[in-house]
Amino acid sequence: MYAAPPKPGVVPLRPLMFGEIMDGAFKTIRRNPKAMLGAGLVAQALGAVIAGVVPLVTPASGASAEAWLANLSTSEMTSLFAGVAGGFILFGLVTVFISVVMQGAMVVPVARSILNRHTGFRQMWLLARGRAWALVRLAGIGVAAVLLGGALIALATVLLANSMGTGSLVIVLPLFLAFIAAMIWVSVKLTVAPAVIVVEDVGALDGIRRSWAVTRRSWWRVFGIVLVVSLLVGIIGQIVLIPLTLLTGLLAAVAGPQDPTSQAATLQVVGGVATAIVSAAVGAVAFAFQTSVMALLYMDLRMRNDGLDIALLRLLETGHDDGGIPGRGVPVYSSVRNSAGPYPFGPPQTGPYQPGPYGTSAGWPPPPGPPTMPG
């Protein structure tokens, strides 16, 4: 008689379906609100501060802004725009680094929730802080790759425009579209890299290799889930912010004719601060949900490729919680087979993951006895 796989926590211990991943992400946030929403707020805090400060330092109306800009000299205008551009670039870089680190840390409560283990914010950070610099390096590699690719595309565009004129668009446009497609493809392949770094306790480069390997033959599935979740989060976020935006505009229209200067400025500041607070709250929930989905995707891929569900079931049967991360130290198996045998790139690991060639364990040779596949 068929017996359903056990479900001690947020998802059953078997390869997951799309609905189970979505449901498990919501349950993880509900069971670990301090860790998930706290980390989400940290990731969104910088953006909220910038959004709240902007209304305080900008002119209250379009007319005053136009007059202010008209009084600036050419050098002052150039310095202003350079400062603004540099500020946005710096803001974007800091946001990327914080987001990647928080995304890696938030894998901890997701992994523990699979075995119905609760995780606080402090415990989450204590378990993940050893991988913080590896996550920072991962973000740095990603930023450097994007900047290098963009610089090469810009250089090619300039050279082609100088040599071919307007006819260069025939080459530049497909080249730009190919660059965008390559970025999407690579980003999907590296979607679970932060989870790999934290759970498997590896460095940035080994995390990239493992993420690349574990998503093999699953690219379209991962892409579809990421796309659906991103669209869902974006639509819900806009729906939540629409009433606040309409209310701010309505108050400005009612109060403006009575005292157009002081009340308009006050309403702009109040509206900006309120929008920043609501946006931060919505962004924290959205970030926590998206990160939970990515973490569950990683666990699902490990269940499919490495038999992680069997290892977690054995851990569950012991009834012992060492306060660590479930899945750390579980053997990593090669999922690629050919005529060379069941493990063409080396045998399965027998201990904690120590990166070797092609993502296999450095602990070679294997112990005596025939190799066995998980599950």
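Predicted model: local features only at pLDDT ≥ 70, side-chain atom pairs only at ≥ 80, totals over all residues.
**View 1. Packing of helix H7 against helix H10.** Helix H7, which spans residues 132-164, packs against helix H10, residues 204-214, with the two axes 8 Å apart. The angle between H7 and H10 is about 70 degrees. Since angles of 65 to 115 degrees count as roughly perpendicular, H7 and H10 are therefore roughly perpendicular to each other. On the H7 side, the contact is made by Ala134, Arg137, Leu138 and Ile141. These residues meet Ala204, Leu205 and Ile208 of H10. By class, the residues of this contact between H7 and H10 comprise six nonpolar and one charged, with no polar residue.

View 2. Ser113 belongs to helix H5, which covers residues 107-113. The relative accessible area of Ser113 is 1%. Buried means under 20% relative accessible area, and Ser113 is therefore buried. When residues up to four places away in sequence are not counted, Ser113 touches Gly9, Val10, Thr28 and Asn32.

**View 3. Lining of the largest pocket.** The volume of the largest pocket is about 1,200 Å³. Its lining consists of 35 residues, and Val96, Val100, Gly142, Ser187 and Leu190 are those that lie nearest the centre of the pocket. Two or more lining residues come from each of the helices H4 (74-105), H7, H8 (169-189), H9 (193-199), H11 (219-255) and H12 (262-306). H7 gives the most to this lining, with nine residues. Sorted by class, the lining of the largest pocket holds 25 nonpolar and ten polar residues, and no charged residues.

**View 4. Lining of the largest cavity.** The count of cavities of 30 Å³ or more comes to one. The largest cavity has a volume of about 30 Å³. Lining this cavity are Gln103, Val107, Thr191, Val192, Pro194, Ala195, Thr291, Met294 and Ala295. The elements that give two or more residues to the lining of the largest cavity are H9 and H12. H12 gives the most, with three residues. The lining of the largest cavity divides into six nonpolar and three polar residues, with no charged residues.

Methods
Residues numbered from 1 in each chain as written. Heavy atoms only, no water. Axes fitted to C-alpha atoms, helices over the stretch in contact; angles between N-to-C directions. Helix = DSSP H or I, 4+ residues; strand = E, 2+ residues; numbered from the N terminus. Parallel < 35°, antiparallel > 145°, perpendicular 65-115°, else oblique. Contact = heavy atoms within 4.5 Å. Nonpolar A, V, L, I, M, F, W, Y, C, P; charged D, E, K, R; others polar. Buried < 20%, exposed > 50% of the residue type's maximum accessible area, 1.4 Å probe, protein only. 1 Å grid on protein atoms, 1.4 Å probe; cavity = no way out; pocket = protein on both sides within 12 Å on 5 of 7 lines; lining within 4 Å. Points joined across faces, edges and corners; volume = space filled by probe spheres on them.
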